[in-house]
Amino acid sequence: MQYLFELGHQPHISTAEVLAVLKHAKIKSKILENKNDFFILELEAEEKQIEKLAQKFGAIIQVGIKFESTEFPQQIISKYLQTKETGKINFSISPTNNKLAITIKKELKALGKSVRYIETKNTASILHNKLIKSKSHFTVFQNNVYKTIYIQDIEGFSARDYDRPVSDNISGMLPPKLARTMINLSEVDNDKVLLDAFCGSGTVLNEALSLGFKNVIGSDISEKAVQDSEKNISWLIAENNLQNVKTNIFLSPSTELSSKLKPQSVDVIISEPYMGKPLHGHEPKIILDKQIEELQALYISTFKTFHKVLRAGGTIIFIIPKFKFGNVWLQVRCLDEIKNLGFEIENFANGERSLLYHRSTQFVGREIWKFKKVN
Ligand SMILES: C[S@@+](CC[C@H](N)C(=O)[O-])C[C@H]1O[C@@H](n2cnc3c(N)ncnc32)[C@H](O)[C@@H]1O
């Protein structure tokens, strides 16, 4: 069956996430097209299975399934809507196509159906008009019609972002969508033990819990961060009435974790580490170089402890920042040292070695890496 994935604003990260989630679910996939933020795949999976799996995504805006028909879009949509139960039929089309919508509406009205075309401007209006529930939102791409079966849960993300008791604007917060994507990129089962060694206000831990992880560990060098994480996690557990969840949040520099955790007791580590002092973009190179040197030392010592607490074969998804200086990126060089400690770099499911998350206005780029403990 053919599926369309509408990618987020960092499309290469979205494709890596889609392929990682499918690989983890052991679904065979063939890439048909990757164009205009649409990723089209042939999947050996039924609609219901993909609909359920899609709930995991962080970086996907919507998923649609193709109507297997050689007819024109207007005939496909009109015939499908005719099969709907009696009562008012609401439908919408992306990208907006009023001409097509009016033709469909006329055809259905002629058959005595009560029908309303809703011009949806964004994900929120598709959700608000309950067009996913009624399965009557369509995407027309290259003359094919896709019925939307999933749309990003923007309300859930927004609640976890803004309604939680504490947010951290000083040391900076990872967007919950990116935190979720990072967990998915690890391709790890949710019955495993997950650690975030720079837990901040608990964004990664909360996304892990909302993905069904039952055993999460968080540590941070700041007392406030530990308290914030605890408050945010308790809020999420209560809000979602999560049962049988084990959490362990404590104060520790990332370099001393092995005195707090048993050897090889962690299965997967997902961290956005400390990335230095906030920058305004006009720092002289000497300042950036000094910061990079400090981060390099911190990350290498941190990976030494990771090696002790992570089980053999365990996975780490870790952000290494890079800094914009004029037109060049200044890198924190630590990959060779990390490899020498007994880790391998693994490519992501889309074949890329690292994934850069960056917005054009930012001076810091977050480069996501995947490591495996090999010896
Ligand atoms: C970029 S923030 C992480 C944000 C977190 N992912 C979130 O979304 O809330 C970095 C965190 O690292 C912590 N930190 C700084 N140096 C540390 C160290 N050496 N060991 C552990 N945590 C450290 C800071 O207190 C801060 O909470």
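The largest nonpolar core of this predicted model holds 64 residues. A nonpolar core is a set of buried Ala, Val, Leu, Ile, Met, Phe, Trp, Tyr and Cys residues joined through side-chain atoms within 4.5 Å. Buried means under 20% relative accessible area, with a 1.4 Å probe and protein chains only. Among the residues with the most contacts inside this core are Leu 194, Phe 306, Ile 316 and Phe 371. Helix 10 (residues 285–309) contributes the most, eight residues. Helices are DSSP runs of H or I, at least four residues, numbered from the N terminus. A second, separate core has 21 residues, including Phe 39, Ile 60, Ile 65 and Tyr 150.

Contact means heavy atoms within 4.5 Å. Beyond its neighbours within four places in sequence, Phe 371 is in contact with residues including Phe 303, Ile 316, Leu 335 and Phe 343. Gly 314, Thr 315 and Glu 344 are also among the contacts of Phe 371.

Leu 178 lies in helix 7 (residues 176–185). Leu 178 is buried, at 4% relative accessible area. Residues up to four places away in sequence aside, Leu 178 touches Tyr 357, Arg 366 and Ile 368. The C-alpha atoms of Leu 178 and Ala 59 are separated by 7.0 Å, although the two residues are 119 residues apart along the chain.

Residues are numbered from 1 along each chain as its sequence is written, and side-chain values use heavy atoms, without hydrogens or water. Local features need pLDDT of at least 70, side-chain atom pairs count only at pLDDT 80 or more, and totals for chains, interfaces and linings use all residues.

Key. Buried < 20%, exposed > 50% of the residue type's maximum accessible area, 1.4 Å probe, protein only. Helix = DSSP H or I, 4+ residues; strand = E, 2+ residues; numbered from the N terminus.
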